[in-house]
Number of protein chains: 2
Amino acid sequence: MLIQIEPQSDVPIYEQVTRQIIEGIAKGEMKPGDMLPSVRNLAADLGVNMHTVNKSYHELEAKGILTIRAKSGAIIRSAEERTLTPEQLKQIEKNLKPVVAEGMVLGATANQIEHMMKKVFADLQVLTEGM
Amino acid sequence: MLIQIEPQSDVPIYEQVTRQIIEGIAKGEMKPGDMLPSVRNLAADLGVNMHTVNKSYHELEAKGILTIRAKSGAIIRSAEERTLTPEQLKQIEKNLKPVVAEGMVLGATANQIEHMMKKVFADLQVLTEGM
DNA sequence: ATTTTTGTTATACTTAATATATAACAAAAA
DNA sequence: TTTTTGTTATATATTAAGTATAACAAAAAT
């Protein structure tokens with residue numbers, strides 16, 4: 001799985017790492033049970049500090065996506081281990097809201113945003129039959 | 001229009017102001033042509049510094065949502081004045097992607113995310129007939 | 001059993017972002 | 001003419017982000 005960092009971005013490095021790992025899992029490039037590279041190895045690959053990657057892994061653990069086994073490594077949790085809580089659903093909705101609102105105010109129609117959603121799903125290789 | 005600041009939030013105050021103004025416009029609580037309160041007045045209302053509100057207004061101007069007339073005030077641009085550029089569409093898609101990906105990885109189905117989208121639209125009073 | 005690798009913890013430092021405080025300026029509006 | 005407005009400038013404090021380095025103890029590999 002390829003992770004690319006944009007040093008100039010307004011998105012913090014640890015957040016870029018977090019997002020790209022999530023995308024990698026969504027795309028099936030990484031599967032539940034898979035081990036992530038060690039924080040030292042990934043940091044060396046990306047040319048960033050160990051603690052930056054470590055922060056990302058812990059963010060992913062807080063989101064319930066990883067399990068970090070102390071002094072051993074980080075494993076991607078399976079969908080069975082993950083319980084989509086009502087709180088998480090609310091959080092997703094909370095994240096969705098400002099993006100959609102900005103799109104609407106900028107002049108995008110509901111259908112255009114709908115279309116963008118499907119493009120994102122397609123990029124993540126998610127089946128959208130019958131939607 | 002009511003704006004409420006959460007001082008404890010991880011979202012910066014100026015960003016909270018920006019988002020809530022965008023939501024207000026999306027909901028129709030503020031219409032194109034309307035003048036926003038002066039940076040000093042809004043800052044006093046919210047109990048924050050003048051420059052914090054000023055930063056938010058300039059962020060909104062950079063997004064193409066406001067026009068700031070020097071030493072006069074800020075006006076909400078009309079949809080006609082706003083041209084939804086391909087760059088803006090790409091930006092919206094770019095904003096949408098991590099939110100959707102996280103939802104998927106957490107175990108939400110495409111239909112669940114679809115449903116959340118409609119809830120957000122409903123909250124913003126957007127017509128979604130025939131979608 | 002020993003060596004290597006691992007996440008963890010701690011300390012120190014730098015830079016940038018966020019937010020406030022205060023003041024002055026010049027143009028617009030009242 | 002006075003008040004209000006965004007603008008600009010300076011200064012300060014706090015927090016976030018990122019790096020650097022080191023040491024520790026447990027896990028894994030040899």
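Tutor: Let's start with a term: helices (H or I, at least four residues) and strands (E, at least two) are DSSP runs, numbered from the N terminus. Chain A then reads α-α-α-β-β-α-α along its sequence, with five helices and two strands. This is a predicted model, in which local features need pLDDT of at least 70 and side-chain atom pairs count only at pLDDT 80 or more, while totals for chains, interfaces and linings use all residues. Residues are numbered from 1 along each chain as its sequence is written, chains are lettered from A and ligands numbered from 1 in the order in which they are written, and side-chain values use heavy atoms, with hydrogens and water left out.

Student: Which domains is chain A divided into?

Tutor: Domain 1 covers 13-76 and domain 2 covers 86-123, with bounds from an automatic or database domain assignment. Their C-alpha centres lie 26 Å apart, and the C-alpha atoms of chain A fill a box of roughly 50 × 40 × 25 Å along the principal axes.

Student: Why is A:Arg69 called partly exposed?

Tutor: Buried means under 20% relative accessible area and exposed over 50%, with partly exposed in between (1.4 Å probe, protein chains only). A:Arg69 has 42% relative accessibility, so it counts as partly exposed. This residue sits in strand 1 of chain A. Across chain A, 40% of the 131 residues count as buried.

Student: Which parts of DNA strand D lie within 4 Å of the protein?

Tutor: Sugar or phosphate accounts for 60% of those atoms, and bases for the rest. Of the 25 residues around DNA strand D, A:Ile13, A:His51, A:Thr52, B:Arg40 and B:His58 come nearest.

Student: Why does the pair formed by B:Arg40 and DNA strand D count as a polar contact?

Tutor: A polar contact is a pair of N or O atoms within 3.5 Å; within protein, one must be able to donate a hydrogen and the other to accept it, and residues adjacent in sequence count only if both atoms are side-chain atoms. An N or O atom in the side chain of B:Arg40 is 2.7 Å from a base nitrogen of DNA strand D, so the pair qualifies. B:Arg40 also has a side-chain N or O atom 3.5 Å from a base nitrogen of DNA strand C. On the phosphate side of DNA strand D, a polar backbone atom of A:Ile13 is 2.6 Å from an oxygen, and a polar side-chain atom of B:His58 is 2.7 Å from one.

Student: Which residues are in contact with A:Tyr57?

Tutor: Contact means heavy atoms within 4.5 Å. Leaving aside neighbours within four places in sequence, the partners of A:Tyr57 include A:Ile21, A:Leu36, A:Val39, A:Leu66 and A:Ile68. Taking the contacts in chain A with a separation of 6 or more, 45% join residues 24 or more positions apart.

Conventions. A residue is near a molecule or strand if one of its heavy atoms lies within 4 Å of it.
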